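Subject: Structure for your review

Hello,

Here is the structure I said I would pass on. My notes on it follow below.

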Number of protein chains: 2
Amino acid sequence: MKKLSYLVTIIGVSLMSVNSFSADVKPAPNGIELPENYKDWKVISQSHRIDNNSLRIIIGNDIAIQAARAHETNPWPAGAVLGKLVWKQKNDEHWNKAIVPDKFIHAEFMFKDSEKYAATGGWGYARWLGLDQKPYGNNEQFTLECFACHTPVKDRDYVYTTPVSLP
Amino acid sequence: MKKLSYLVTIIGVSLMSVNSFSADVKPAPNGIELPENYKDWKVISQSHRIDNNSLRIIIGNDIAIQAARAHETNPWPAGAVLGKLVWKQKNDEHWNKAIVPDKFIHAEFMFKDSEKYAATGGWGYARWLGLDQKPYGNNEQFTLECFACHTPVKDRDYVYTTPVSLP
């Protein structure tokens, strides 16, 4: 009976995990797990970084999208998650004056929780590299690197992205 | 009783319309209506057109997304709809080497129906301009302009966009 109960617990925890996070990708060194359905998230904006030749699409979970559409993003609400999908750039083969995504570089995320992530401005950071989704960072100190880069936009709740204007 | 029946029909047609199309935006001159929930569609790709200083996010309805993820896009399946959201570009205020969306220019769509749109390569075209979503084109001949521009990629089922690579 104890064994059965244990098994049921394992199955239960596994199902919970499948519902929220990607079970076959390792968590970041700070324990943050990859949101499972991020590829289905809606668009917040895009960018072209000409300093490192990359293209980016910025997406958000439902809480983030609702906040973006309501223009309530300073601060972003608790539970908002922003994702950035990043590709190397190339010139389009059929329209040379268009810069389009080439090889996938990484997916990175910001998780809003003012208490849990108080030490890094209320955001938890995580990044997974390449198509094999290797967690970025050797230990949890990697978040200080993220935080340092976002500190110049502290008065925008540490977020560079401005949600796009749409009808 | 006839009046009541008429009213019920009007309400019914209105509800049907609300379910699929944006009721308060005028259809394109070829009769194509704006898909109502396009802002919730998922991402297929993005681009930066350096010939006209615009940024674009390419999205798709569920049929298109399923085809893109299955790499079954030549031809795209019946019922696929591709959308392109276009903005003027600007340099980001806080990260000068990032090009980001500025003013919204237009939303444009391709609707796959090999029979209905046989005259234009199996795709119906439509575009709505600006935040007030004015239909593009003075009459239905405008689609010939769209078709001409897409004909160089006839062997890619008339679609320039290649779906992004993602894990």
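Strand S1 of chain A pairs with strand S4 of chain B, residues 98-112, in the antiparallel sense, with two bridges between them. One residue pair to look at here is A:Arg49, whose bridge partner in S4(B) is B:Ala98. Please keep in mind that this is a predicted model, and that everything in this message is computed from it.

The contact between the chains draws 34 residues from chain A and 34 residues from chain B. On the side of chain A that touches chain B, the elements giving two or more residues are S1, S2 and strand S4 (98-112) of chain A. Of these, S1(A) gives the most, with seven residues. By residue class, that side of chain A divides into 19 nonpolar, seven polar and eight charged.

S1(A) also has a partner within its own chain. Strand S2 of chain A, residues 54-60, pairs with S1(A) in the antiparallel sense, and this pairing runs over seven bridges. In it, A:Lys42 has A:Gly60 of S2(A) as its bridge partner. The two strands form a hairpin with four residues between them, and in that hairpin A:Asn53 takes a positive phi near 55°.

How much of S1(A) is buried? Six of the eight residues of this strand, residues 42-49, are buried, so S1(A) is largely enclosed by the rest of the structure. The cut-off behind that count is 20 or more other C-beta atoms within 10 Å of the residue's own. For chain A as a whole, 32% of its 167 residues count as buried.

As for the overall layout, chain A has three helices and six strands. Along the sequence they come in the pattern α-β-β-α-β-β-β-β-α. Among the contacts in chain A with a separation of 6 or more, 49% are between residues 24 or more positions apart.

Regards

How values were computed:
Residues numbered from 1 in each chain as written. Chains lettered and ligands numbered in written order. Predicted model: local features only at pLDDT ≥ 70, side-chain atom pairs only at ≥ 80, totals over all residues. Buried ≥ 20, exposed ≤ 12 C-beta atoms within 10 Å, placed from the backbone. Contact = placed C-beta atoms within 7 Å. Pairing = 2+ DSSP bridges. Nonpolar A, V, L, I, M, F, W, Y, C, P; charged D, E, K, R; others polar.
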